[in-house]
Amino acid sequence: MDLKELKKQVEQITKELKSKASGDTAVLVDSLSFLFSIMLETSTGIMVQNERLTNTIIDLQETIKDLRRQLNMDSHNSSKPPSSDGYKKPNKARSLRKPTGRKPGGQKGHSGANMELPHKPDEVKKHHPNKCMTCPHFASCVANGKVFECGEKRFIVEAVVTTKVIEHQSMKAVACPCGESKLKGEFPEEVKAYVQYGDTFTAMAGLLSTFGAVSTERIQTIIDGMFNVTLSEGTICSMVEKCGQKVTPIVEKIKELLIGSSVVNFDETGVRVEGSTQWVHNSSNAKYTYLTVNKKRGQEGIEDNGVIQNIGGTAVHDCWGAYWKFKDILHAVCCAHLLRELIANIENNPTHLWTERFKTLLITMKTAKEKAIEQGKTTLSENLIKVLGKEYDEIMAYAEKECPPPDKIEPKKRGKKKKGKERALIDRLIKLKDSVCLFIHNFLVPFDNNQAERDLRNVKTKAKVSGCFRTKAGAQTYLKITSYLSTAKKHGINAFEALALAFKGETEKVLI
């Protein structure tokens, strides 16, 4: 019985007894009623304290569980990068990649890759037998030309580090037969100073700063050591800025080509710019890379990138909530992220069997697609897709039983009760089934979002080396050059050649 109801009944009984009792008896009834009230108040306080203590214990248990989960998180069971693991690297046995049993190195049937000569030899050195070199007839034998012939050739490719100084002269007429006395030649537009560095140094500084992720101070050291040429930090920054200006038009073309693509990968990463954390937003696929920076990580920053809201195809991402705000496109979820979440749940809730089953299902889907591609197929059979879809639903139904949703209302607390990581994952998998399975319906859609993560990797390397970007303009210049060089690499053009093409005005060649 509720204590409040009991108190009302005691008050009612006391009132009835007092109405029937004599004077002395009424005093006794009042005393007993007072004592009973004290007992009720004490019991109520104890029950409230017990309830609070119980709730506190439950909250502490949840906190301990959450802290233990966070402590066990690393790159193999979360989205944390491998660099965050420190010296406590995860056990290789827990890797998503399973051992094949094959020996390291090139496998049978592998075509191999051998070093090739870049051009014909500039110098030939002949090595004669030691005994012949001490023979008195050696000189005549060499002059004869028929005594020795090449038995075997070997080559050494050396790098020649040197500088080339080009003098530009403006010629003036001093004895013109036509009577002109003020004729004078003009320097080319790019020759502006008495002594200046050529485009080769500009391209090298831009390449080291962006693609090489080298700090300005080290660029000075490298170029000075190799060419005996001293560049100031200001000059290096100006060179990088010039590289950015050269590639700006082609970067806009890359953006347009991505918008016209059927599948585009999206991701974002934080970086320090102007003393605060800003976000580099990536749009890319196997052919193109486009990077921008914005103060916001969410919808505003994604829209500022300018790709996702204009594509007519599929967006592949890691399920970040802001991407789902774009409704008029297809969404594909990165299943590699899901696998890491499933591994974390297996380690934190080993008695729940649905997680291992779902992990196996994802790997089965991936393997089935890979085998179909090897056989030259472009789709899976309808029967196989139905079987996989049915297994998906059965696993989710089993997950509902192993981890049911919490009560809608938690007593004496406002808002919804916390689901927990496992229940949130189950709800997401049920809701996003079409996006999770899209990669087996459309073979152009990848299983994971690794493409976007690879295209952002250089940004993290640069941030670790330099620490931050002092200005947003500097960050934007770096991202333009990185977008261009990454795209060139995807088209088989090395970084230095790509920047050389930019200074020749032939950037379109990187897209061919």
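One definition before the first click: the expected span of a helix is 1.5 Å times one less than its number of residues. Helices (H or I, at least four residues) and strands (E, at least two) are DSSP runs, numbered from the N terminus.

You're looking at a predicted model, where local features need pLDDT of at least 70, side-chain atom pairs count only at pLDDT 80 or more, and totals for chains, interfaces and linings use all residues. Residues are numbered from 1 along each chain as its sequence is written, and side-chain values use heavy atoms, with hydrogens and water left out.

**Whole chain**

Start with a cartoon view: the chain's secondary structure comes to 17 helices and 5 strands. Of its 512 residues, 33% are buried. Buried here means under 20% relative accessible area, exposed means over 50%, and partly exposed is in between (1.4 Å probe, protein chains only). Contact means heavy atoms within 4.5 Å; among contacts between residues at least 6 apart in sequence, 62% join residues at least 24 apart.

**Helix H16**

Select 472-490, which is H16. The helix has 19 residues and runs 27 Å from first C-alpha to last, close to the 27 Å expected at 1.5 Å a residue. Color its buried residues next; among them are Tyr478, Leu479, Ile481, Tyr484 and Leu485. Just past the end of H16, click Gly492, which takes a positive phi of about 80°.

**The sheet**

Now show the strands. They form an open sheet of 5 in the order S3-S2-S1-S4-S5, with mixed pairing. Two strands pair if DSSP finds at least two bridges between them. S3 (289-294) and S5 (330-333) stand at the edges with a single partner strand each, so one side of each has no neighbour in the sheet. From one strand to the next, the twist averages 30°. (Axes are lines fitted to C-alpha atoms, for helices over the stretch in contact, and angles run from 0 to 180 degrees between N-to-C directions.)

Zoom in on S1, residues 263-273. This strand is mostly covered, with 9 of its 11 residues buried. How many bridges pair S1 with S2 (residues 276-284)? There are 9, in the antiparallel sense. Pick Glu268 and you'll find His281 of S2 opposite; pick Val273 and its bridge partner in S2 is Ser276. The two strands make a hairpin with 2 residues between them, and Glu274 in the turn has a positive phi of about 55°.

On to S4 (residues 314-317), which pairs with S1 in the parallel sense over 3 bridges. Val263 has Thr314 as its bridge partner there.

Bring H16 back into view: the helix packs on the sheet and touches S1, S2 and S3, its direction making about 165° with that of S3.

**Ser261**

Next, select Ser261 in the loop between helix H7 (233-259) and S1. Is Ser261 buried or exposed? At 14% relative accessibility, Ser261 counts as buried. Its side chain makes a polar contact with the side chain of Asn285 at 3.2 Å. A polar contact is a pair of N or O atoms within 3.5 Å; within protein, one must be able to donate a hydrogen and the other to accept it, and residues adjacent in sequence count only if both atoms are side-chain atoms. Leaving aside residues up to four places away in sequence, Ser261 touches Asn285, Tyr288 and Gly313.

**Salt bridges**

Last stop: show the charged side chains. The structure holds 11 salt bridges, each a side-chain nitrogen of Lys or Arg within 4 Å of a carboxyl oxygen of Asp or Glu.

Asp455 and Lys490 form one, with their closest N and O atoms 3.0 Å apart. The pair links distant parts of the chain: Asp455 sits in helix H15 (residues 450-466) and Lys490 in H16, 35 residues apart. Asp455 is buried at 9% relative accessible area, while Lys490 is partly exposed at 24%.

Hop to Lys433 and Asp393, whose side chains meet at 3.0 Å, N to O. Lys433 lies in helix H13 (residues 433-436) and Asp393 in helix H11 (residues 382-402), so this bridge ties together parts 40 residues apart in sequence. Both are partly exposed, Lys433 at 21% relative accessibility and Asp393 at 41%.

Finish with Arg154 and Glu152, bridged at 3.2 Å, N to O; Arg154 is exposed, and so is Glu152.
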